[in-house]
Amino acid sequence: MTTPSPVLARAEALLLADRPQQALAELARLPAADAVDLPATLLRCSALGQLDRWSEVVEAAGAGLAAVGPNPDLLWHLGRAEHRLGRPQVAERALLDGLAQAPHDVDLLCTYADVCAANGQPEKAAKLVERARALEPDAPIVYATRIQVAFAGGDDRTAERISREFVAAHPEHPGAHALLGGTSAARGRIDTAYEGYRQAAAAMPTEQSLAESALELRIARHPLMLPIRPVLRFGPLKVWLGALTLIFGLRAVGLPTLAGVAGLLWLLFCVYSWVAPPLVRRWFRRNWG
């Protein structure tokens, strides 16, 4: 039985500790012959993926496939990276090749579902993620993909419900809290969204985007931001259309005075929505930045 390389063991431990840059440094110490082996290549792809260096993941996975031949794990890394780079057809080909070898691989099924959802194929995506769910119902990637597929289909309510289930099943998983933050924010649940992003940012302090999202939601919770909550919930366009419909509707039914009052209130609201958020944001950043 071959003794595992201490370099690979250290690199894997660093990856589990969310230190991908140090893991890559460890892998760089491998002899040339070992550096292209499957275990080293998989660790390298994982580390590069954590750093969002997707072009390099494609290169590493391609080199690994050239060295060791078709492998489902390498094809998953390749398909995932191509998807992130916006090349859906190449991603689909890699994922289908992987599924041909490992038809019950949950990672391959879920990533293929993501590709289909992003390409306007929600029904196909839903079938793929249900296959994955039947195999591993409590796997984090299954929860995350179910949420993404629901979002892609415009079902924010279901996405939020699955996010709550994800947090309940994996309370220590930062991705679960981040997804709960995102789905709750989309439904205007500012307090729940803030708590989700806050916990995710606390668990992953190196992810600046999580901290920024938590700060923005903390700003949104300020009492001065309460009048602007409808804009945060429904978006500026819907609020603007609703206001115009109200104003012109009042005029149409013969209530010009009320229409004028509504128009004045709308103007004051617009001014407030332009002035208040930058002031609150500046105050927060000065005191907590």
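Let's start with Cys 116, which is buried, with a relative accessible area of 1%. Here buried means under 20% relative accessible area, exposed means over 50%, and partly exposed is anything in between (1.4 Å probe, protein chains only). You'll find Cys 116 in helix H8. Helices are DSSP runs of H or I with at least four residues, numbered from the N terminus. Leaving out residues up to four places away in sequence, Cys 116 touches Gln 121, Lys 124, Ala 125 and Leu 128, where contact means heavy atoms within 4.5 Å. Ala 94 is 22 residues from Cys 116 in sequence, and their C-alpha atoms are 14 Å apart in space.

A quick word on what you're looking at: this is a predicted model, in which local features need pLDDT of at least 70 and side-chain atom pairs count only at pLDDT 80 or more, while totals for chains, interfaces and linings use all residues. Residues are numbered from 1 along each chain as its sequence is written, and side-chain values use heavy atoms, with hydrogens and water left out.

Now stay with H8 and look at its partner. H8 (residues 106-118) and helix H10 (residues 140-152) have axes that come within 10 Å and cross at roughly 15°. An axis is a line fitted to C-alpha atoms, for helices over the stretch in contact, and the angle runs from 0 to 180 degrees between N-to-C directions. H8 and H10 are therefore roughly parallel to each other; that label goes to angles under 35 degrees, while those over 145 are roughly antiparallel, 65 to 115 roughly perpendicular and the rest oblique. H8 passes H10 in a left-handed crossing, so the near helix is turned anticlockwise from the far one by less than a right angle. On the H8 side, the residues that meet H10 are Val 106, Asp 107, Cys 110, Ala 113, Asp 114 and Ala 117, and they face Ile 141, Val 142, Thr 145, Gln 148, Val 149 and Ala 152. Sorted by class, this contact has eight nonpolar, two polar and two charged residues. The sorting goes like this: Ala, Val, Leu, Ile, Met, Phe, Trp, Tyr, Cys and Pro are nonpolar, Asp, Glu, Lys and Arg are charged, and the others, Gly among them, are polar.

Another pair to pick out is H4 (38-50) and helix H6 (residues 72-84), whose axes come within 10 Å and cross at roughly 25°. H4 and H6 are therefore roughly parallel too, and H4 passes H6 in a left-handed crossing. Leu 38, Thr 41, Leu 42, Cys 45 and Ser 46 in H4 meet Asp 73, Leu 74 and His 77 in H6. That gives four nonpolar, three polar and one charged residues by class.

For another arrangement, go back to the start of the chain. Helix H1 (residues 6-16) and helix H2 (residues 20-27) pack at an angle of about 170°, with their axes 8 Å apart, and are therefore roughly antiparallel. In the loop between H1 and H2 sits Asp 18, which is partly exposed at 31% relative accessible area. Its phi is near 60°, a positive value in a residue other than glycine. Asp 52, in the loop between H4 and helix H5 (54-68), also has a phi near 60°. Why point these out? Most residues other than glycine have a negative phi.

Glu 160 is in H11 (residues 156-169) and is buried, with a relative accessible area of 4%. The side chains of Glu 160 and Arg 189 are joined by a polar contact of 2.8 Å. Such a contact is a pair of N or O atoms within 3.5 Å; within protein, one must be able to donate a hydrogen and the other to accept it, and residues adjacent in sequence count only if both atoms are side-chain atoms. Thr 183 is in H12 and counts as buried at 1% relative accessibility. The side chain of Thr 183 makes a polar contact with that of Ser 163 (3.1 Å), and one of its polar atoms lies 3.2 Å from the backbone oxygen of Leu 180. Glu 172, in the loop between H11 and H12, counts as exposed at 71%.

Terms used: Helices (H or I, at least four residues) and strands (E, at least two) are DSSP runs, numbered from the N terminus.
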